[in-house]
Amino acid sequence: VHNEVRTIEERAQKLRELLPELSIAVAHGQMHETQLERVMSDFYHQRHHILLCTTIIETGIDIPNANTIIIDRADRFGLAQLHQLRGRVGRSHHQAYAYLLCPAASAMTKDAEKRLEAIEAAGDLGAGYQLATHDLEIRGAGELLGQAVEALQRVEIPDVDGPLEAVTEVNLHGPTLIPEDYLPDTNTRLILYKRIGACEDDQALREMQVEMIDRFGLLPDPVKTLFLVSYLRLQAQRCGIKALELGAAGGHMDFQDNTCVDPLQLVTLVQEHPQDYKLAGPSRLRIMQELPSLKDRETLARQLLEKLAGDLHDDAA
């Protein structure tokens, strides 16, 4: 497993030089569907000795003859991914082996070291539950500790019973999901929902999109909308907006108490477009535009958030 399409052919060439007597096939999500299907079929029927691929094989691939997997830069994968990839071998009565290649400990993060230790230790029945517990220990507890440290640095008493952070809700009243016919495996869909929701910036979202296209193919419309809503949520969080809801008959935008948006900017927006916007109390902007299609709502949400974010940048300058 070499999870970089950009360099996968170069890696294949090096392997062919090292192992000239073996047939090596390459598979990744950017290949044409018929070409990818042919490569996988040939590997299944043992016409190739080695399959060099991306994480496209993480789910849905059952090749009983495959008894060894080598995962390059295993420190870059999450626990769930490593567990899924490891499960691609050993699917028959033959002894199977999984080799995880990683750099020296000094070149890895502490969390990466913990993930590798956890995957190495969890090799028995029930490993999935053990790994989920380790994942909580590695990430969840760290987030809680980070919240407490930040509060103490502000000379405040940590609220350990409260949520880790304010959650912004964006609802465009359209399908935002990973369809089953695009990705049948329920566990993988749940993992991807979690990873998309955990993206902290636009770049992380773009990388997730590229990864999904690489692994599963072009994104269907509901997945595109899922990523758009995730992007809008990030924009809204930066502005201190706690909720944005848009439907066919309009919607509303709710602001946090500590929002960065200047109330005078909202007053100006309402004065300039009184037929479209109205202030409803100190923390809500009512949107009174007809938005019959999902595309209309997407466009307005983008424009409104970009305007508010742009005003913030102008004020900072």
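Modeller: The buried residues of H7 are Leu205, Met208, Glu211, Met212, Asp214, Arg215 and Phe216, where buried means under 20% relative accessible area, exposed over 50% and partly exposed in between, with a 1.4 Å probe and protein chains only. Keep in mind that this is a predicted model, so local features need pLDDT of at least 70, side-chain atom pairs count only at pLDDT 80 or more, and totals for chains, interfaces and linings use all residues. Residues are numbered from 1 along each chain as its sequence is written, and side-chain values use heavy atoms, with hydrogens and water left out.

An α-helix has 3.6 residues a turn, so residues three or four places apart point the same way. The cover over the buried residues of H7 includes helix H1 (5-18), helix H3 (79-86), H6 and H8. Helices here are DSSP runs of H or I with at least four residues, strands are E runs of at least two, and both are numbered from the N terminus. With 15 residues, H7 reaches 21 Å from its first C-alpha to its last, close to the 21 Å expected at 1.5 Å a residue; the expected span is 1.5 Å times one less than the number of residues.

Now the ends. At the start of H7, a side-chain oxygen of Asp201 comes to within 3.3 Å of the backbone nitrogen of Gln203. Just after H7, Gly217 takes a positive phi of about 105 degrees.

Phe216 also has an aromatic partner. A search of the whole structure turns up 1 aromatic pair, and this is Tyr182 with Phe216, edge-to-face at 6.2 Å centre to centre and 70 degrees between the planes. Tyr182 sits in the loop between strand E5 (169-171) and helix H6 (186-198) while Phe216 belongs to helix H7 (residues 202-216), so the pair ties together parts that are 34 residues apart in sequence. For the cut-offs, rings of Phe, Tyr and Trp (its six-membered ring) pair if their centres lie within 6.5 Å; planes under 30 degrees apart count as stacked, over 60 as edge-to-face and the rest as tilted. Both partners are buried: Tyr182 has a relative accessible area of 13%, and Phe216 has 18%.

One of the covering helices, H8 (residues 221-239), holds Gln235. Gln235 counts as buried at 10% relative accessibility. Leaving aside neighbours within four places in sequence, Gln235 is in contact (heavy atoms within 4.5 Å) with Asp202, Leu305 and Ala309.

On to the charged pairs. A salt bridge is a side-chain nitrogen of Lys or Arg within 4 Å of a carboxyl oxygen of Asp or Glu, and by this rule the count comes to 11. In helix H1, Lys14 and Glu10 lie 4 residues apart, about one turn of the helix, and they form a salt bridge with the closest N and O atoms 3.8 Å apart. Lys14 is partly exposed at 43% relative accessible area, as is Glu10 at 47%.

Arg284 and Asp254 form another salt bridge, at 2.7 Å from N to O. This pair links distant parts of the chain, with Arg284 in strand E9 (residues 284-287) and Asp254 in strand E7 (residues 250-255), 30 residues apart. Arg284 is partly exposed at 25%, whereas Asp254 is buried at 11%. Salt bridges that share partners also join Glu4, Arg6 and Arg76 into one network.

Technical notes:
Polar contact = N/O pair within 3.5 Å; in protein donor to acceptor, adjacent residues only side chain to side chain.
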